[in-house]
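Open the model in a viewer and keep the selection tool at hand. Each stop below says what to select next and what is there.

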Amino acid sequence: SVSIVIDTWSRAEGRKELKGIQGEIYDELHREELTVAGYHFVGCEFDNSTSFLDADGKTQHGVSIFRIIIDQIL
């Protein structure tokens, strides 16, 4: 399996926009069937997400992690 990390940013007031973006990413990837060339796709599962204020004090930064389970085609 492999993990993918998706970073998102927002300068909107509060975290509502950022959480909305993370939610849309979740809706598109969690348990979706993906094509990975040269591999047999088994599954894509949400692992976790977090958000925090970047060092500039203005930008909300989100991090979403998904686990993709694949088997190499021999």
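Helices (H or I, at least four residues) and strands (E, at least two) are DSSP runs, numbered from the N terminus. Two strands count as paired if DSSP finds at least two bridges between them. The model is predicted, so local features need pLDDT of at least 70 and side-chain atom pairs count only at pLDDT 80 or more, while totals for chains, interfaces and linings use all residues. Residues are numbered from 1 along each chain as its sequence is written, and side-chain values use heavy atoms, with hydrogens and water left out.

**Stop 1: the whole chain**

Show the chain as a cartoon. Taken along the principal axes, the C-alpha atoms fill a box of roughly 50 × 20 × 15 Å.

Colour by burial next. Buried means under 20% relative accessible area, exposed over 50%, and partly exposed in between (1.4 Å probe, protein chains only). Of the 74 residues in the chain, 28% are buried. A contact means heavy atoms within 4.5 Å. Among contacts between residues at least 6 apart in sequence, 62% join residues at least 24 apart.

**Stop 2: the sheet**

Select strands S1 (2-10), S2 (39-53) and S3 (60-72). In which order do the three strands form the sheet? The order is S1-S3-S2, in an open sheet with antiparallel pairing. S1 and S2 are the edge strands, each pairing on one side only. Neighbouring strands are turned by 20° against each other on average, direction ignored. For such angles, axes are lines fitted to C-alpha atoms, for helices over the stretch in contact, and angles run from 0 to 180 degrees between N-to-C directions.

Now take the pairs one at a time. S1 and S3 run antiparallel and are joined by nine bridges. Here Ser 3 stands opposite Arg 67 in S3, and Ser 10 stands opposite Gln 60 in S3. S2 and S3 pair in the antiparallel sense over 13 bridges. Select Glu 45, which stands opposite Arg 67 in S3, and then Phe 46, which stands opposite Phe 66 in S3. In a regular strand the side chains alternate between the two faces of the sheet.

Move on to the hairpin of S2 and S3, which has six residues between the strands. Gly 57 in this hairpin takes a positive phi near 75°.

**Stop 3: the helix**

Select H1, residues 16-29. H1 has 14 residues and reaches 20 Å from its first C-alpha to its last, close to the 20 Å expected at 1.5 Å a residue. The expected span is 1.5 Å times one less than the number of residues in the helix.

Show the side chains of Leu 18, Gln 22, Ile 25 and Leu 29, which are buried in H1. Look down the axis of H1: its buried residues fall within an arc of 55°, so they line one face of the helix. The arc is that of the directions from the helix axis to the C-beta atoms. What covers the buried residues of H1 includes strands S1, S2 and S3.

The face of H1 turned away from its buried side carries the exposed residues Lys 16, Glu 24, Asp 27 and Glu 28. Asp 27 has a relative accessible area of 54%.

**Stop 4**

Select Arg 31, in the loop between H1 and S2. Is Arg 31 buried or exposed? At 62% relative accessibility, Arg 31 counts as exposed. Its phi is near 60°, a positive value in a residue other than glycine.
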